[in-house]
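Here is a short briefing for a first look. Start with the sequence and the structure below.

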Amino acid sequence: MTPRIILWRHGQTAWNAQGRHQGQADIPLDEAGEHQVRLAARVLADEWQPTAIISSPLQRAYATAGALAELTGLAVATDPRLMEINVGSWEGLTLDEIFAAEPPFKQAWADETDYRRSPEGETSAECGARVGEAIREIEAAAGPDDTVVIASHGLAIRMGIGHLFGWDFHESLRLGSLANASFSVLQRHQRRDGFRVLAYNLTAPGILGAASGLAGSAGSVGAP
């Protein structure tokens, strides 16, 4: 056996519902998001029986992890490498607002090429590299029978998985956008080097209906 790693996207926030770039702005869950993570936490606790919980320190992820901690009695550790992509001065802006202010990004979006999110921000590949390395280290430190839940963010998870598979930005877009409070399951292959995806973008019953606004809530590359 090898450890299972469950990558859990945080629940909905007001900025998700409005389609605003969050990046590393510390935005809390909204009421719908709190409901979503309670639904997902019950499924994770009952069906996957986690042995450890690790979270991004941003409160929307930490509160998501906390819903599972309440059910399992597990402590929540944090790792700053699990934070969402740094979008710098683009925080709070919608995709259309960024397109208007940064025409080259609009072209990069159309061409599906990577682009630095504001002069002080990260590229998606840079975000994926730090998240992927964190996942790799967490998995290596886990016991063979462990199931570790990692609470993180939409683009961070998507690009982190892509990094683990050695994909560039364009190849990582093969992975679909992640719904709020969805979870994906990875496990190291026992006979081959590297990871395999056991499940992707799973949601507990009722989660999608709990969203107060689905625009921007699916963790698209444009609105992390």
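**A buried loop and the sheet beside it**

Gly11 has 0% relative accessibility, so this residue counts as buried. The model is a predicted one. The points below cover the loop, the record and the sheet.

**The loop**
- Gly11 sits in the loop between S1 and helix H1 (14-18).
- Leaving out residues up to four places away in sequence, Gly11 touches Asn16, Leu29, Gly33, Gln36, Val37, Thr64, Asn180 and Ala181.
- Gln12 is also in the loop between S1 and H1.
- Gln12 counts as buried because its relative accessibility is 0%, under the 20% cut-off.
- The side chains of Gln12 and Asp30 make a polar contact of 2.9 Å.

**The record**
- An unreviewed UniProt entry lists Gly11 and Gln12 under "binding site".
- The UniProt list also includes Arg9, His10, Thr13, Ala14, Trp15, Asn16 and Arg60.

**The sheet**
- Six strands form an open sheet in the order S3-S2-S4-S1-S5-S6, with mixed pairing.
- Strand S3 (76-78) and strand S6 (195-202) are the edge strands, each pairing on one side only.
- From one strand to the next, the twist averages 20°.
- Strand S1 (residues 4-9) and strand S4 (residues 147-152) run parallel, joined by six bridges.
- Arg9 has Ser152 in S4 as its bridge partner.

**Helices on the sheet**
- Helix H2 (residues 31-48) packs on the sheet and touches S1, S4, strand S5 (183-188) and S6.
- The direction of H2 makes about 170° with that of S1.
- Helix H7 (residues 154-164) packs on the sheet too, touching S1, S4, S5 and S6.
- The direction of H7 makes about 150° with that of S1.

Technical notes:
Residues are numbered from 1 along each chain as its sequence is written. This is a predicted model: local features need pLDDT of at least 70, side-chain atom pairs count only at pLDDT 80 or more; totals for chains, interfaces and linings use all residues. Side-chain values use heavy atoms; hydrogens and water are left out. Two strands pair if DSSP finds at least two bridges between them. Helices (H or I, at least four residues) and strands (E, at least two) are DSSP runs, numbered from the N terminus. Axes are lines fitted to C-alpha atoms, for helices over the stretch in contact, and angles run from 0 to 180 degrees between N-to-C directions. Contact means heavy atoms within 4.5 Å. UniProt positions are given in the numbering used here, feature names are shortened, and annotations may be inferred rather than shown by experiment. Buried means under 20% relative accessible area, exposed over 50%, partly exposed in between (1.4 Å probe, protein chains only). A polar contact is a pair of N or O atoms within 3.5 Å; within protein, one must be able to donate a hydrogen and the other to accept it, and residues adjacent in sequence count only if both atoms are side-chain atoms.
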